[in-house]
Amino acid sequence: MPESHTSDAALMGQLKQDDTRALASLIDRWEGRLLHFIFRYVQNESVARDLVQETFVRVYQARDRYDLKRRFSTWMFGIAANLCRNHYRWLRRHAEADLESSPEPVDDKTPVDQIRAFEKSREIAGHVQSLPHALRVALLLYYYEGLSYDEIASVVGCSIRGVESRLY
């Protein structure tokens, strides 16, 4: 679980001073949650891993523009959400075959239970995929990443009331 907001801000302060160890600490702390968020958005593990790497590249490139008073997590998830949206824009212009259509691995269940779980997760993923970007990001950040309405509002650029409406 990520440490406190202060620790993230302190690491970003160190990163602004070109201490690359701070970036390694941020990656260690946030890579897993970021991968879960992006995977749920794009439904492709290799693309998700690429977008996680690109998110941290962008964090490093924008380190001087980061406001230490902001929460790092909302800033980082905002970068990731924009990269996901850009990925889908690119896909619309460049159709490609999805060779990796399997969602998350299933637990040790009976074969019938595994099939049911797989079908249900594909159905849910299909519904999530059909949502517009702003609704999809709000849903994934709230239900899967546990961000507050205030944090989600910062990521998607709307009011807290707007987040409530999107989740409704």
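At 12% relative accessibility, Glu 151 counts as buried, where buried means under 20% relative accessible area, exposed means over 50% and partly exposed lies in between, with a 1.4 Å probe and protein chains only. This is a predicted model, in which local features need pLDDT of at least 70 and side-chain atom pairs count only at pLDDT 80 or more, while totals for chains, interfaces and linings use all residues. Residues are numbered from 1 along each chain as its sequence is written, and side-chain values use heavy atoms, with hydrogens and water left out.

**The chain as a whole**

- The chain has eight helices and zero strands, where helices (H or I, at least four residues) and strands (E, at least two) are DSSP runs numbered from the N terminus.
- Of its 168 residues, 39% count as buried.
- The chain exposes about 10,100 Å², and carbon and sulfur atoms supply 50% of this area, which comes from the Shrake-Rupley method with a 1.4 Å probe, only the protein chains shown counting as cover for residues.
- Among the contacts in the chain with a separation of 6 or more, 62% are accounted for by residues 24 or more positions apart, a contact meaning heavy atoms within 4.5 Å.

**Two residues and their surroundings**

- Glu 151 has its place in helix α7, and, leaving aside neighbours within four places in sequence, Glu 151 is in contact with Arg 71, Ser 73 and Thr 74.
- Ala 81 belongs to helix α4 and is buried, with a relative accessible area of 3%.
- Once neighbours within four places in sequence are left aside, Ala 81 is in contact with Phe 37, His 133, Val 137 and Val 155.
- Ala 81 and Tyr 41 are 40 residues apart in sequence, and their C-alpha atoms are 8.7 Å apart in space.

**Helices α2 and α4**

- Helix α2 (residues 20-42) and helix α4 (residues 72-93) pack at an angle of about 35°, with their axes 11 Å apart; axes are lines fitted to C-alpha atoms, for helices over the stretch in contact, and angles run from 0 to 180 degrees between N-to-C directions.
- By class, the contact of α2 with α4 has 14 nonpolar, two polar and two charged residues, where Ala, Val, Leu, Ile, Met, Phe, Trp, Tyr, Cys and Pro count as nonpolar, Asp, Glu, Lys and Arg as charged, and the others, Gly among them, as polar.

- In α6, Ala 134, Val 137, Ala 138, Leu 141 and Tyr 142 meet Tyr 149, Ile 152, Val 155 and Val 156 of α7, a contact with nine nonpolar, no polar and no charged residues.
- Helix α8 (residues 160-167) has the buried residues Gly 162, Val 163 and Leu 167, which cover an arc of only 130° around the axis and therefore lie on the same side of α8, the arc being that of the directions from the helix axis to the C-beta atoms.
- An α-helix has 3.6 residues a turn, so residues three or four places apart point the same way.
- The buried residues of α8 pack against α6 (133-144) and α7 (149-156), whereas the face turned away from this buried side carries the exposed residues Arg 161 and Ser 165.
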